Structure formats: structure tokens, C-alpha cells
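Please keep the sequence and the structure in view while reading.

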Amino acid sequence: MPLPRRALKNGRSLLGGAFCVAGACLLLAPAAFAAAPANDEFANRIDLSGTLPIEETGTNVAATQQADEHPGEFLYEPAEHSVWFSWEAEDTEWVTVSTCGSDFDTLLGVYSGSSLSFLEKVVPGKEGARFDCAPGGQQVTFRALAGTTYEIRVDGNLSPQPPAATEGSIALEIASTPAPGNDDFADAQVVTSESFDGGTFYRVDVPGFNWNATKELGEPAHAGDQGGASVWYSWTAPASGEASVVAASGALEAVLGVYTGTSLSELTPVATPTYFPGEVDVQVTAGTTYLIAVDGMFDGGAGMASMGQLTFLIYLRVPPADLQTGIPFKPVPPVADQAAPQTTISKSVFKRMPPVWVFRFSSNEPGSTFECKLDKRPFAKCRSSKTFKHPSPGRHTLKARAIDPSGNVDPTPAVAHFIVPRKTRAK
């Protein structure tokens, strides 16, 4: 039977002091004689049952590992200084067990079963941790069932390099898991991109979870799935190209929806499914904001949507290719050019008899053609330069306008004036 809380001792020995033999005394550190904690063995685990949240302090100084414990169930290397706790759930709900306030690098395991030899880990593989835990602490999030007793093991972690302390004070907490802050469409988490390779590749990488998330009235079925535990992200594309949107998770079976629009009732889906669960592709336009939903696939057997920890990722490749792989991608249809070009004129005069006037036209848009006119004549096509060898005497006005490759015409032609003296008129 688990020990009641009042049976927990601080685990520190009062035996420190001097050891004398034949009149010679050696001073020994108190830690060398530290007694094992009361909950060192599974049979003496401490009872933590009660109303959440529960906070308990303890120690694993001088704790040992029993023969029937299975250290291989940890993802890291345990220090074999384990202590045990026991908790019975009063309600069926998502809970988070954590050691975030401990003063050493911990390993945390949560199990079901009443015998040390037949414990089954509640969260197999990678623990479902949230992301507000101090370094060295661990968190495990799972769906606790009312009336079920869960066994909790805390040990030191030998894995960090350089090696860290593996014994010390334990701060254990069991609390209800809160709903994510980006549960609702109106509270979509704004994410931004990090640029690589001179702007040819962009990446978004943020942690998240959808435990206790809900689905709003009027929210669409993302990827055609009923879902029921969606979280939202808002992303403005920094460039045009092909983006892959991914919800990576070891436990969550995710479905995705990518949309444009400003409200749930005005969303336009823009994503293309891929062969990989939890991933879609979408052609994006620079400056456009996309609303992205990550939902859990509905499990008919469990009667609820899949929930878990996730990593939200966006990979944006800018055409003509992702320079890291050299794989070409489909070009994004260009946005129609509606900007008018701007025309400039430069003038040169060769002082011959008679003089020669040469005018050169340029545009701020490459590939432009030109139209020009002298005095009151109509505009006509001309080259990028115009030469006058025998103009009529008097004052003249030359106008030129550029026409860009999209057909936009400069509405304010460039103007140049020149005067031809009478004596220069050709005979």
C-alpha cells in the first residue's frame, strides 16, 4: 500500500559526523550516511490522491533502484535513484504531471498497474510534454480515467553532457491541462518565417498542442474530417512560392485546413492534400495572410478527436528552385502588372553645320518600347533614340512615352525642348 503523505521524510541522514577508530577520528560528509527516502521502493510509494492541483515536495538523495524496475522504458539513461508516488484520478480529464520545479535533471514516468513487475507506461515513447517547463524538469500529459490509479516514478538523468546532478529536491505537480491559447479562430497564433539561402527558402517552426481544444460553431470540417479539437495559426507569406504546411507529432493524428478570409463564415480553402498525414501543400502569394487549422482526426471508437503535442511547421520554397535540393517547383502565376512605366529623355547636340540633335529614351521597366512625337504631330512608334539633322528653324518640343511589356503606357510623357536657329536651316 502507498504510504500516506505524513510518512514522507526529508530523506536526509542525521548520521553525519565523525568516525573514530583507535583514537583516530575521520570527519565524514553527512551525505555519505544519507538514509534512503521513505518512498524509495515501489511498495512504499507516497499517496498523492486528492483534488487537483496537487503539489508535493520530496527528495531522491540516496535512493536506489529495485531489481524489477525497467530503466529501458525511459528515453534517456536513468541514474538509478528512483522514488515512487501514487495518484488516483477523481475525474476523467487531461492532466499534466511535472517535475519542473526540481533542482536537478529529472526523468519522469507514469504507469498503470499495481505490481512493479507488470507496470505499463501510460504515455509510450516520447512523453507528451507542454512547453513551459524549466530546464531539467519533465512533463507528461495524458487522459486520466476516473477511478484509475497511476504510479509515478522520478529518477535522475545521466544523459546530459557534461554530466549534471542526479540527486536532489523534487517538486512534483499534478494539474488539469489547460486548453491551448489558440483554440479559437479569433485567437489564432501569429507565426513568422525565418529566411534561409538569401530568401529562396523560409521556415516556420513552433511547438504546440491541442489537448482540451474544441471546435467552434460554424467551423469547417478540415480536410473533410469531423475532427473536434482544432487550434489556429495565422501566417503572412513573405514571398510567393510553394509552401508545405506540416503538423508533426508522435501521437496526434492531425488533419489540416489552410484558408484565406477574415471570419469562420468567409473562409476559402486553398490547400492541396499530399500523401502524408498531417501535411498539405499550398501555392502562396507574397503579402497574403493564411489562416491554418490543425485538428485531430476523429476516432469513432473513442468518440473524440485525436489530441496531443505537435510541432507546427511551414516550409516555403521560392521558385525557380529550392537551392538546398535543386528540385524545381511549379511557378506561381504572376500577378498582372498594372503599374505604368516612367520615361526619361537625354539630349545631345553635335555642333556641326548644321547641328545634329540626338535624343535617347529610357524606361524604368526593362523591355519597354517607345512612342514619340514632334510638336503637334501624333504619337508614333520610334526606337530608343531619335536624331534630327535638318529640323525646321524655330522652337520645337519632343515628347516620348514608354510602353512596358504588359502594355501599360506612361501617362506623363517625358518632354524635351530645342531651338533651331534660322541660319542652320539646310539649303
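Predicted model: local features only at pLDDT ≥ 70, side-chain atom pairs only at ≥ 80, totals over all residues.

Two strands pair if DSSP finds at least two bridges between them.

- An open sheet is formed by six strands, whose order is 13-14-24-16-20-19 and whose pairing is antiparallel.
- Strand 13 (194–196) and strand 19 (272–273) are at the edges with a single partner strand each, so one side of each is left without a neighbour in the sheet.
- Within this order, strand 14 (residues 201–209) and strand 24 (residues 309–317) pair in the antiparallel sense over nine bridges, and valine 204 has isoleucine 314 in strand 24 as its bridge partner.

**Pairings of strand 11**
- Strand 11 (residues 169–176) pairs with strand 4 (residues 54–59) over six bridges in the antiparallel sense, with threonine 57 opposite alanine 171.
- Strand 11 also pairs with strand 6 (residues 93–98), again in the antiparallel sense but over four bridges, and here threonine 96 stands opposite alanine 175.

**Glutamate 371**
- Glutamate 371 lies in strand 27 (residues 369–374), and because its relative accessible area is 16%, under the 20% limit, this residue counts as buried.
- Neighbours within four places in sequence aside, the contacts of glutamate 371 include Phe379, Cys382, Lys399 and Ile403.
- The side chains of glutamate 371 and arginine 401 are joined by a polar contact of 2.7 Å.
- Arginine 383 is twelve residues from glutamate 371 in sequence, and the C-alpha to C-alpha separation of the two is 7.9 Å.

Methods. Residues numbered from 1 in each chain as written. Heavy atoms only, no water. Helix = DSSP H or I, 4+ residues; strand = E, 2+ residues; numbered from the N terminus. Buried < 20%, exposed > 50% of the residue type's maximum accessible area, 1.4 Å probe, protein only. Contact = heavy atoms within 4.5 Å. Polar contact = N/O pair within 3.5 Å; in protein donor to acceptor, adjacent residues only side chain to side chain.
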